[in-house]
Amino acid sequence: MSDEIKGLNEECGLFGVWDDDHAADITYLGLHILQHRGQEGAGIVGLTDAGMVRHRGLGLLAEVFTKPQQLASLRGRAALGHVRYSTAGGRVLENIQPLLFRFTTTGDVALAHNGNLTNARSLRAQLEEGGAIFQSSSDTEVLMHLIRRSHQTTFVAQLKDALNQVHGGFAFMLLTEHGLYAASDPNGFRPLVVGTLPDGGTVICSETAALNAVGATFVQDVAPGGLVIVDQSGVRFDHYTTHTQLAVCSMEYIYFARPDSEIHGVNVHQARVRMGRRLAQEQPVAADIVCGVPNSSLSAAMGYAQESGIPYEMGLVKSQYVARTFIQPTQALRERSVRMKLSAIRPVVAGKRVVLVDDSLVRGTTARQIVKLLRDAGAKSIHLRISSPPLRFPCFYGIDIQSTHELMAANHSVAAMRTLLGVDSLAFLSVAGLEQSVNLTSTAPHHGLCVAYFTGEYPTPLDDYDATLRSELAQLYINVGEVSA
Ligand SMILES: O=P(O)(O)OC[C@H]1O[C@H](OP(=O)(O)OP(=O)(O)O)[C@H](O)[C@@H]1O
Ligand SMILES: NC(=O)CC[C@H](N)C(=O)O
Ligand SMILES: [Mg+2]
């Protein structure tokens, strides 16, 4: 499996329904709202009168479900869906989730996962040694093998046993004939929420935006270490461990999640506006206009403009029909899609001193292209402001950066990046500024956020990834303090 671990992928979206006649259709709609979380593949398993039926494929949801019959065949009172962006295991059909396991004695199980397991490689090696035969190369599958090998006697006890053996980032959902189950890792890295449908059914999914879209009412976030069990007796909020410490992925607030979602009570758009405001306080500059980089930085740009008093302008336009660049799998594809995706509005930027606000700088592809666009359109000066701290360390909990090699800020000082990007000034939000802007009500370190990609402080041991990271870091230029040049 190690050869197949990709360095350039990110997260996934989960959506499950229990006890509604339209479970599969609702799941389809919910996945559509979560499409931004994964574009490599999609799948839905429906619990039908004829047992569990699955339809899955590579590509966007609309590319996978092309005929009404594909969805109709999944109809029943429960369903589980997934949109994938791989973190471990290749972009091949057998890794597209939900994974479906057929058991003639105990009934079928569908499994879906958002996150990345840090000890999957070593667990798999042990399991294979013991005779396990895997059907995929994704990290996700180890959970099912651990469930089946558990000596506990009930499914819930076996599941808890298995959840205590996997490490890293996970929001897991499982569907059986008897219930829908959802679990969050002990740090709650990835978002996962529970809602109620108008007719009393239950929805569990990655983001509240998907609850809203299907008319469900938010009930609560799945707690770190929590296990939610939904079956004929209702919804139970249980847990598999009490050794927990909230460390929500801060990149969810910065970039991944939809602005209309709420994670642990914090609206994503409003958090981004506060990041922009704080950035304006920390890194002011004299300029004529503030422009965001559509889409994800528009909230932060608005915040920067509000706080600085510099007019907010639409300097860049985005084509609606090009997918997110950050999660395109190769550098060549990323560069091409940035060019196809954005263009400058010449009369807005010509002759102006522009504060360009983006939410993150990963490889620098987007910023390099935009600077060129703005210069070509006649901008007088460009002051790039990033509403997150410099990304200098990889993530092993589900974001698509598993190596320092591709991180611009891990390989260059802020001053060197300013020159490489061709901007007049460059500055980032501080880690404290980020934490206070998100403003989670948590007493955990970093106000309940994971900021490992900025500070190198990982909330958990890195298991299978530890040795590689250490050797990479030993070779790097990293000066963690500096945020402006
Ligand atoms: O430094 P880079 O490697 O270019 O990556 C960073 C960029 O990628 C993301 O945008 P993306 O275009 O993926 O999505 P968006 O349209 O939602 O902002 C992010 O918002 C930055 O703009
Ligand atoms: N991005 C994700 O959450 C991916 C889930 C899982 N690690 C996979 O690669 O399929
Ligand atoms: Mg962007």
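Biologist: Start with His264. Is His264 buried or exposed?
Modeller: His264 counts as buried, because it has 21 C-beta neighbours inside 10 Å and the cut-off for buried is 20 or more. Keep in mind that this is a predicted model.

Biologist: Where does His264 lie?
Modeller: In the loop between strand S15 (262-263) and strand S16 (266-267). His264 also has a positive phi of about 45°, although it is not a glycine.

Biologist: Why point that out?
Modeller: Most residues other than glycine have a negative phi.

Biologist: What is phi of Asp19 near?
Modeller: Phi of Asp19 is near 70°, a positive value, and Asp19 is not a glycine either. Asp19 sits in the loop between strand S1 (13-18) and helix H1 (23-33).

Biologist: And how many other C-beta atoms does Asp19 have within 10 Å?
Modeller: There are 18, so Asp19 is partly exposed.

Biologist: Now the backbone. Which residues does a cis peptide bond join, with omega about -5°?
Modeller: Gln97 and Pro98. Pro98 is in the loop between strand S4 (78-84) and S5. The peptide bond from Pro294 to Asn295 is cis too, with omega near 0°. Asn295 is placed in the loop between strand S17 (289-292) and helix H10 (298-308).

Biologist: Back to S5, then. What sheet is S5 in?
Modeller: An open sheet of 6 strands, in the order S5-S6-S7-S8-S12-S13, with antiparallel pairing. Strand S5 (99-101) and strand S13 (234-239) are at the edges, each with a single partner strand, so one side of each has no neighbour in the sheet. From one strand to the next, the twist averages 20°.

Biologist: How many bridges join S5 to S6?
Modeller: 3 bridges, and S5 and strand S6 (residues 109-117) run antiparallel. Leu100 lies in strand S5 and stands opposite Ala110 in S6.

Biologist: What does Leu100 touch, leaving out residues up to four places away in sequence?
Modeller: Leu100 touches Val45, Met52, Arg54, Asp108 and Ala110. Leu100 counts as partly exposed, because it has 19 C-beta neighbours inside 10 Å.

Biologist: How far is Leu100 from Val414?
Modeller: Their C-alpha atoms are separated by 47 Å, and the two residues are 314 apart along the chain.

Biologist: Switching to helices. How many residues of H5 are buried?
Modeller: 6 of the 8 residues in helix H5 (residues 142-149), so to speak mostly covered. The buried ones are Val142, Leu143, Met144, His145, Leu146 and Ile147.

Biologist: What covers them?
Modeller: The cover includes S5, S6, helix H4 (120-129), helix H6 (155-163) and strand S7 (168-175).

Biologist: Which strands form the parallel sheet?
Modeller: 4 strands, in the order S17-S20-S21-S22, form an open sheet. S17 and strand S22 (425-428) are the edge strands, each pairing on one side only. 4 bridges join strand S21 (residues 381-386) to S22, and His383 stands opposite Ser425 in S22.

Biologist: Which helices pack on that sheet?
Modeller: H10 is one of them, touching S17, strand S20 (353-358) and S21. The direction of H10 makes about 165° with that of S17. Helix H13 (residues 365-376) packs there as well, touching S20 and S21. Its direction makes about 155° with that of S20.

Biologist: Now the largest nonpolar core. Which residues touch the most other members?
Modeller: Leu356 and Leu374, out of 77 residues in that core. Helix H9 (residues 268-282) gives the largest share, 6 residues. A second, separate core has 71 residues, including Cys12, Ala24, Val142 and Ala162.

Biologist: What is Leu356 in contact with, beyond four places in sequence?
Modeller: Cys291, Val293, Ile370, Leu374, Ile382, His383, Leu384 and Arg385.

Biologist: Last one. At what angle do H9 and H16 pack?
Modeller: H9 and helix H16 (residues 431-438) pack at about 145°, with their axes 8 Å apart. Their crossing is right-handed. Residues of H9 including Ala271, Met275 and Leu279 meet residues of H16, among them Leu434 and Val438. The residues of this contact divide into 5 nonpolar, 3 polar and 3 charged.

Note on methods: Residues numbered from 1 in each chain as written. Chains lettered and ligands numbered in written order. Predicted model: local features only at pLDDT ≥ 70, side-chain atom pairs only at ≥ 80, totals over all residues. Core = buried A, V, L, I, M, F, W, Y, C linked by C-beta atoms within 7 Å. Buried ≥ 20, exposed ≤ 12 C-beta atoms within 10 Å, placed from the backbone. Helix = DSSP H or I, 4+ residues; strand = E, 2+ residues; numbered from the N terminus. Contact = placed C-beta atoms within 7 Å. Axes fitted to C-alpha atoms, helices over the stretch in contact; angles between N-to-C directions. Left-handed = near helix turned anticlockwise from the far one by under 90°. Nonpolar A, V, L, I, M, F, W, Y, C, P; charged D, E, K, R; others polar. Pairing = 2+ DSSP bridges.
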